[in-house]
Amino acid sequence: MLVKICGMTSQEDIDICRDNGVDIVGFLLQPPSNKLDRVDMLEMNVAKELIEYVPKSMNSCLLIHFKDVEKVISTITALNPDMIQIQKQSTLNLNDLKNIKENFPDIKIIKTFNIEKEVNLEELLKTIKVYTDSQVIDFILVDSEKGGSGKTHDWKQSSEIVSRVKPFPVMLAGGLTPENIKDAISKVNPSGIDVMSGVNQNNSKSKDGTKVSLFVKNVKS
């Protein structure tokens, strides 16, 4: 099962992930507006240095909030990540993603879908199916209503999505921790796991080596 840890802010974070066999490390770019301003968001030059530091044993993933496909293409060109993750704040459509794939045929694309409190699961599944049938994206990621919030969502709904889109790979995110990850996996049966705040040091943006180690151990065991 793939393990993705998001919110890299230093070489030390990347070293911790490398030493614990993490598969994918994620990077958040500071968007043009301050609406999503967070301490773990990076300036372009810092993101470039960190992505270049990622060893070949792991994949780098850039989280995309941009709404303009040309901006995304120029950003990928500048930073050269292995993967991109399209967040709900981005309004990129399927044609935009096809454009990205044509420009970068080797890049892997993750499309995030958020489980809102009053979600209509059938309508969400219809939308997801458009993407999974497109042969443009490589993974879908099912997250809580607000990504990075540290809050879980209804895993029964995630499990239903996983079962309905099989064999398309689904990653699970949202409020995951070393303590609840085994329960989450048993209930949802995803292809991969994505965590951010659940393995941070207390009141810090930095990753906690002990938490990362326990998290990966509990995923892989």
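Colleague: Is D183 buried, partly exposed or exposed?
Modeller: This is a predicted model, and the value is computed from it. D183 has a relative accessibility of 35%. Buried means under 20% and exposed over 50%. With 35%, D183 therefore counts as partly exposed.

Colleague: Which residues do salt bridges with shared partners join into one network?
Modeller: Shared partners make the link here. The network joins D15, R18 and D19.

Colleague: What is the closest N to O distance between E160 and R164?
Modeller: Both residues sit in helix α6 (residues 155-165), four residues apart. E160 is partly exposed at 31% relative accessibility. R164 is partly exposed too, at 42%. They form a salt bridge, and the closest N and O atoms are 2.9 Å apart.

Colleague: K88 and E116 also pair up. How many residues apart are they?
Modeller: The N and O atoms come within 3.8 Å at their closest. The cut-off is 4 Å, so the pair counts as a salt bridge. K88 is in the loop between β5 (83-86) and α4 (94-103), and E116 is in the loop between β6 (108-114) and α5 (121-132). The pair links distant parts of the chain, 28 residues apart.

Colleague: How many salt bridges does the count come to?
Modeller: The pair K187 and D183 is a salt bridge. By the 4 Å rule, the count comes to 13.

How values were computed: Residues are numbered from 1 along each chain as its sequence is written. This is a predicted model: local features need pLDDT of at least 70, side-chain atom pairs count only at pLDDT 80 or more; totals for chains, interfaces and linings use all residues. Side-chain values use heavy atoms; hydrogens and water are left out. A salt bridge is a side-chain nitrogen of Lys or Arg within 4 Å of a carboxyl oxygen of Asp or Glu. Helices (H or I, at least four residues) and strands (E, at least two) are DSSP runs, numbered from the N terminus. Buried means under 20% relative accessible area, exposed over 50%, partly exposed in between (1.4 Å probe, protein chains only).
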